[in-house]
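Student: Could we walk through this model together, with the cut-offs spelled out as we go?

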Amino acid sequence: MHVAVYSTRRYDREFLDRANAAGRHRLDYLEARLDLSTVPAAGAADAVCAFVNDRLDAEVLRALQARGVRLVVLRSAGFNHVDLAAAAALGIAVGRVPAYSPHAVAEHTAALVLALNRKIHKAYARVREGNFSLDGLLGFDLVGRTVGLVGTGQIGSAFARIMAGFGCHLLAHAPDEDPACIALGARYVPLPELLAASDIVSLHCPLTPDTHHLIDAAALAQMKRGAMLVNTSRGGVVDTRAVIRALKTGHLGSLGLDVYEEEGDLFFRDLSSVVLRDDVFARLLTFPNVVITGHQGFFTEEALTAIADITIDNLDVFESEGRPRHAVSVERVV
Ligand code: NAI
């Protein structure tokens, strides 16, 4: 197939070229994010390959369809950025990568927990300046602490295994209970109970209308004073302004983010010589007890290999069967 691959960086090209070594598909790599203004860059492609911050709303899908695009393959598990009803109405099939390496994101979540708890970000900078003082670096033992998991799918349950290994107690909240988490000792409870009892709350649910701003001012108020919040799911699950208020009062003890509500204008680019225009993000950067990474949870050798392989397989299967292997639609997710 002829595919316009949006939002690509050097590493995307490297892994996709390897997966497409047989040359079955023509991959046109574009650095630009997909939105209405960059639709023409798709040229004569009959498929579009997109990433997490590409825009796939009804308007963009209509413009793509008018150019002859019949398929969208996502290089992500999350599909909250696609108007699936519009895609169905326009006859555009949508494929995704349902699972590549849940361990990549779970391990990155653990990295954020450890960095925040033991103040690794501060210690690293101090030692490089010859400051070996320990003041302000006090952490707590993880053993015996309570970790609350919001969402216990592939990533949430992988993170549960890691934290059980540290000797943490596990609470969980999700519409469907995972037997593997229960076997680790996790107890499923309503969200308010999880928030009230957890020392660390970690978010692993998809972004949906139900989970948008799930962690808002009211939810933050229910959390233990001084608790840690970690979000490696999607930025929109957290009300960032409410989180800033909770950090300012000291009610929220620390915050680890790999995702941010307005990350589309920031992440995956080098903006180090550009003035930061997002005042909310800028405020977050001022807190000593906040660690932010730029959506890198998925960024491991294993995950990128799997993302590229599954993306090429989605294209192969669409060519032979008229639908991607891992189709996602309004009615069902395969
Ligand atoms: P999954 O589909 O295996 O699990 C999602 C879990 O969330 C399930 O347990 C589901 O029951 C639960 N859930 C759904 N609605 C909920 C609600 N209202 N309240 C609480 N729980 C709810 O998904 P997976 O693979 O574990 O990924 C989770 C999320 O992580 C993805 O949706 C994506 O947004 C994010 N992600 C982030 C990456 C990163 O690089 N930071 C990479 C990959 C995924």
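Predicted model: local features only at pLDDT ≥ 70, side-chain atom pairs only at ≥ 80, totals over all residues.

Student: How many salt bridges does the structure hold?
Tutor: Side chains of opposite charge can pair when their charged atoms come close. For the structure, the count of salt bridges is 12.

Student: Which residues are linked with R10 in a network of salt bridges?
Tutor: Start with helix α1 (residues 10-19), where R10 and E14 sit 4 residues apart, so about one helical turn separates them; helices are DSSP runs of H or I with at least four residues, strands are runs of E with at least two, and both are numbered from the N terminus. The side chains of R10 and E14 meet in a salt bridge of 3.3 Å, N to O. The network that includes R10 also takes in E14 and R18.

Student: Is R10 buried or exposed?
Tutor: The scale is relative accessible area, with buried under 20%, exposed over 50% and partly exposed in between (1.4 Å probe, protein chains only). E14, its salt-bridge partner, is partly exposed at 35%. R10 has 57% relative accessibility, so R10 counts as exposed.

Student: How many residues apart in sequence are the parts that R325 and D313 tie together?
Tutor: The side chains of R325 and D313 meet in a salt bridge at 2.5 Å, N to O. D313 is in helix α12 (301-321) and R325 in the segment after α12, so the pair ties together parts whose separation in residues is 12.

Student: Which side chain of opposite charge is nearest to D239?
Tutor: D239 sits in the loop between β10 (227-231) and α10 (240-249). Leaving out residues up to four places away in sequence, D239 touches H213, I215, D216 and E261, where contact means heavy atoms within 4.5 Å. For charge, Lys and Arg count as positive and Asp and Glu as negative, with His and the chain ends not counted. D239 is buried without a salt bridge, and the nearest side chain of opposite charge, 4.9 Å away, is R245.

Student: Which strands stand at the edges of the open sheet?
Tutor: The sheet has 5 strands in the order β2-β1-β3-β4-β5, with parallel pairing; two strands pair if DSSP finds at least two bridges between them. Each edge strand has a single partner, so one side of each is left without a neighbour in the sheet, and these strands are β2 (26-29) and β5 (93-95).

Student: What is the bridge partner of V3 in β3?
Tutor: Strands β1 (residues 2-5) and β3 (residues 47-50) pair in the parallel sense over 3 bridges. Within β3, the partner of V3 is A47.

Student: What distance separates the C-alpha atoms of L191 and V150?
Tutor: L191 lies in helix α8 (residues 191-197) and counts as buried at 13% relative accessibility. Its contacts, not counting residues up to four places away in sequence, are V150, H173 and L214. L191 and V150 are 41 residues apart along the chain, and their C-alpha separation is 7.9 Å.

Definitions and conventions:
Residues numbered from 1 in each chain as written. Heavy atoms only, no water. Salt bridge = Lys/Arg side-chain N within 4 Å of Asp/Glu carboxyl O.
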